Amino acid sequence: EEELELLAALGVLPASRDVTHPIAKRLSEVVALQRHAAAAEEEAKRLARRVASLESDNSKLRNDSTHAKNSKTATVHKSAASEASLSSKVVQLRQQLAEGTRETARQAEYITLLERR
């Protein structure tokens, strides 16, 4: 509308606002294309913000995943160390049991010898 009035004031278009005039038609097409381009630009900006948000979320998830993997690895290592420690203790206790059993057998022999005297 404003453009048509301006063109009419400049004498490019008839003052009657003839919307069938070729310049008026072309101007209407240009304005419609400009509006469409502006809307497309806004949509592109919105999509760019959405992509940035999704990339940020993805980065956070990757970091969380890495942290979880590292934590799991640390837990596995701790578990393996605990298992090795327990195995060592079991071996130690078995040795002590064997020594205790041998000592008990010696004492039983000694008692038997004492009883025979």
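This is a predicted model: local features need pLDDT of at least 70, side-chain atom pairs count only at pLDDT 80 or more; totals for chains, interfaces and linings use all residues.
User: Why is Arg-46 called partly exposed?

Analyst: Arg-46 has a relative accessibility of 41%. Buried requires under 20% and exposed over 50%, so Arg-46 falls in between and counts as partly exposed. Glu-43, at 35% relative accessibility, is likewise partly exposed.

User: How do you know that Glu-41 and Lys-45 meet in a salt bridge?

Analyst: Their side chains come to 3.7 Å, N to O. The limit is 4 Å, so the Glu-41 and Lys-45 pair is a salt bridge. Both residues lie in helix 2, 4 residues apart, about one turn of the helix. In an α-helix there are 3.6 residues a turn, so residues three or four places apart point the same way. Glu-41 is partly exposed at 46% relative accessibility, and Lys-45 is partly exposed at 40%.

User: What separates Arg-106 and Glu-103 in helix 2?

Analyst: Because Arg-106 and Glu-103 are 3 residues apart in helix 2, about one helical turn separates them. The closest N and O atoms of this salt bridge are 2.8 Å apart, a value within the 4 Å cut-off. Arg-106 has a relative accessible area of 48% and Glu-103 one of 34%; each is therefore partly exposed. Elsewhere, salt bridges that share partners link Glu-41, Glu-42 and Lys-45 into one network. The structure holds 4 salt bridges.

User: How do you know that the span of helix 2 is close to the expected one?

Analyst: Helix 2 covers residues 22–116, a run of 95 residues. From first C-alpha to last, helix 2 reaches 137 Å, close to the 141 Å expected at 1.5 Å a residue.

User: Which residues of helix 2 are called buried?

Analyst: They are Ala-24, Leu-27 and Val-31. The term buried requires a relative accessible area under 20%, so each of these three residues lies below that limit.

User: What is known of the protein chain in terms of helices, strands, buried residues and accessible surface?

Analyst: The protein chain has 2 helices and 0 strands. Of its 117 residues, 5% count as buried. The accessible surface comes to about 10,200 Å², with 57% belonging to carbon and sulfur atoms.

Terms used: Residues are numbered from 1 along each chain as its sequence is written. Side-chain values use heavy atoms; hydrogens and water are left out. The expected span of a helix is 1.5 Å times one less than its number of residues. Buried means under 20% relative accessible area, exposed over 50%, partly exposed in between (1.4 Å probe, protein chains only). Accessible areas come from the Shrake-Rupley method with a 1.4 Å probe; for residues, only the protein chains shown count as cover.
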